[in-house]
Amino acid sequence: MCGIVGYKGKRQASSVIIDSLKTLEYRGYDSWGVAVVGNPSISVVKEVGMICDADTINNLGSGTVGIGHTRWATHGKVTEENSHPHMSSDGCISVVHNGIIDNYQALKEQLKKKGYVFRSETDTEVIPLLIEDFIKNGCSFEDAFRKTLSFLEGTYAIVSIHKDSETMICARKDSPIVVGVGDGEHFVASDSPAFINHTNKVIYLENYEMAVFNGSFEVRCSITGDIIDKKVQVLDWDVEQAKKGDFKHYMLKEISEQKETITKAIHQDDKVLQGIADAINESYGTFFIASGSSYNAALSASYTFSKIARKHINIVDSSEFPNYEHFLTPQTLMITVSQSGETADVLDAVKVAKKKGVKILSIVNVMGSSLMRNSDHTLLMNAGPEICVLSTKSYTSQLAILTLLAYACVGKLSEGKDLLKSVADHVGDLTDPKTLLGTVELASCLKDKEHLYVIGRGQSYSTALEAALKIKEVSYIHAEGFAGGTLKHGPIALIEEGTPCIVFVPNDETRKEILSNAMEVKSRGGYIIGVSDEENDIFDFFVKVPDVGHASPITDIIPIQVLSYYLAILRGCNPDRPRNLAKSVTVK
Ligand code: M6R
């Protein structure tokens, strides 16, 4: 979590950095800070809450080298002192950091013994103090930075500046850093949307690589100091994709983009897709590994694989995967699903699997992400940047690609493509502005509810989980998803007069039984919201969705994404930045 940025060039650094930080707020938004090299000292601004601009930019001066940070607190409360950048005690060095320094307490004790005083509760503060200590002992800024890295255990993406040198340095281990290469200027960030309006030329740093920006720019191995030749890549994401346009929030913009993103998701190289399907067929055990919404998409796909390809898939939440290592052999196949490609639990699962010789395939949205670089093959979702903390368009893109793979497993790739093309058209209808507004009525009727339940069977069970996740994470209404059959084993005790229950009733083998479950809820006073292609007397409120067969999880979730958005708006919540959350969960 946390977003870091750095800039060295010819423009006013503070203004570039503040703009960049705003695009990275999805990574954390508890507090923020900026430091700019000035004359005679480094100017720093740190604040809790929203990033503000005009005055801040002026207070930071006209310096052209600087760093910034937007925080998701891990070590230490949300306070100004704990927010980054952190300074050395002599005020000469400033550092921003994303990750966790596991051995910070031991390092802190050693530094305290040397007389250093700590101003924050963070793990990060050891970094500028260590650099300061090495400089005091005769090292250059660059050497002191490199030596400091050798003492750090844990994960880090760090950018640092020094007051007397025009040098900016960054390095990473297990937390992402991408360098933007502009015309006479360089950008450093956790993610490329931070600088995409300045350049689309990027260099991805690998673990134990360190980039030094002085007059020129070079990447060195942070252990040996050797120069590493890096390739500049060109991103095909553009500025407009990372902007809100006429939409009030990214969430609504991204929901509305889904006709296009599904179309792009299925635009894959057929040979590569078929190759992956063949690998699934040949594997001795396939695992789908993911977290959060990506897990729900993978769970949904495990039903699709069973129905279409008659193939059993093991589906495991990435944080639990290390417990399954005993079942892995070189014949096992792991398919990881992740929007960001930076989820720490997913990356950790990959590490565990690789040790056992398992082949890794990934379905990822962010090109150049750590997951992509650690996979044997990747299918890119092509959804463009997803800025809202909630997964919406990435979820349906994942479902589309996984559905296509299931069809490819039985040699029916073109049948799968035809189905998904028609799904994209239906999605266009569901996200039409007029249809979106229809959901406001339902949101108004639910906005004051404290609890809400969602049920589904088969594939729709995973849709129920995803629907409940969407509603709770953005509106803070307590929402739980259950398999329809589970109700009578306990959850039905929660139903009271007026308790809302969303029921997914697709035109498949689950229809009869899920309607009985809905009736059981209604008989106990529940208010039934039916999401179906067909009206039914049991429904108190009917949400019409098309009948798209095996692809119904894609269309069924869309009205609930929209409902979640309006619930957030009516309850005064910011849909793009729900409390306590961050878009990329880069710590375990
Ligand atoms: O980037 P990933 O797809 O790996 O992220 C996984 C989850 O953190 C993510 O889906 C999360 O659950 C979202 N907040 C859901 O809206």
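Predicted model: local features only at pLDDT ≥ 70, side-chain atom pairs only at ≥ 80, totals over all residues.
Figure 1. When neighbours within four places in sequence are set aside, L129 is in contact with M87, S88, S89, L111, Y116, V117 and F118. The view also relates L129 to I93: 36 residues separate the two in sequence, while their C-alpha atoms are 8.4 Å apart in space.

Figure 2. The shell around the ligand consists of 14 residues, of which S294, S338, S340, T343 and E473 come nearest. Sorted by class, this shell holds nine polar, three nonpolar and two charged residues. Which helices each supply at least two residues of the shell? They are α9 (292-309) and α15 (459-475). The largest share, three residues, is that of α9.

**Figure 3. Polar atoms facing oxygen atoms of the ligand.** A polar atom in the side chain of E473 is 2.5 Å from an oxygen atom of the ligand. For S338, a side-chain N or O atom is found 2.6 Å from a ligand oxygen atom.

Figure 4. Helix α13 comprises 18 residues, numbered 413-430. Which residues of α13 are buried? They are L413, G416, K417, L419, L420, V423, A424, V427, G428 and L430. An α-helix has 3.6 residues a turn, so residues three or four places apart point the same way. The buried residues of α13 pack against the helices α7 (258-265), α8 (270-282), α12 (393-409), α14 (433-446) and α17 (552-570), and against the strand β25 (541-544).

**Figure 5. Q459 in helix α15.** Q459 lies in helix α15. Its relative accessibility is 2%, under the 20% limit, and Q459 therefore counts as buried. The side chain of Q459 forms a polar contact of 2.8 Å with the side chain of T304. Beyond its neighbours within four places in sequence, Q459 is in contact with S300, Y303, T304, K307, H550, S552 and P553.

Figure 6. Not counting residues up to four places away in sequence, S564 touches M251, K470, I471 and V474.

**Figure 7. L235 in a loop.** L235 is placed in the loop between β15 (233-234) and α6 (250-256). With a relative accessibility of 6%, L235 counts as buried. Its contacts, apart from neighbours within four places in sequence, are S192, I196, N200, V202, Y204 and M367. L235 and G368 are 133 residues apart in sequence, and the distance between their C-alpha atoms is 9.4 Å.

**Figure 8. Two cis peptide bonds.** Most residues other than glycine have a negative phi, and most peptide bonds are trans. The peptide bond from N39 to P40 is cis, with omega near 15°. P40 is found in the loop between β2 (31-37) and β3 (42-48). H84 and P85 are also joined by a cis peptide bond, here with omega of about 0°. The loop that holds P85 runs between β4 (65-71) and β5 (86-87).

**Figure 9. Two asparagines with positive phi.** N382 is not a glycine, yet its phi is positive, at about 60°. N382 is located in the loop between β20 (377-380) and α12. At 29% relative accessibility, N382 counts as partly exposed, because this value falls between the limits of 20% and 50%. N580, likewise not a glycine, has a positive phi of about 65°. N580 lies in the segment after α17. Its relative accessibility of 59% is over 50%, and N580 therefore counts as exposed.

Methods
Residues numbered from 1 in each chain as written. Heavy atoms only, no water. Near = heavy atom within 4 Å. Polar contact = N/O pair within 3.5 Å; in protein donor to acceptor, adjacent residues only side chain to side chain. Helix = DSSP H or I, 4+ residues; strand = E, 2+ residues; numbered from the N terminus. Nonpolar A, V, L, I, M, F, W, Y, C, P; charged D, E, K, R; others polar. Expected span 1.5 Å × (residues − 1). Buried < 20%, exposed > 50% of the residue type's maximum accessible area, 1.4 Å probe, protein only. Contact = heavy atoms within 4.5 Å.
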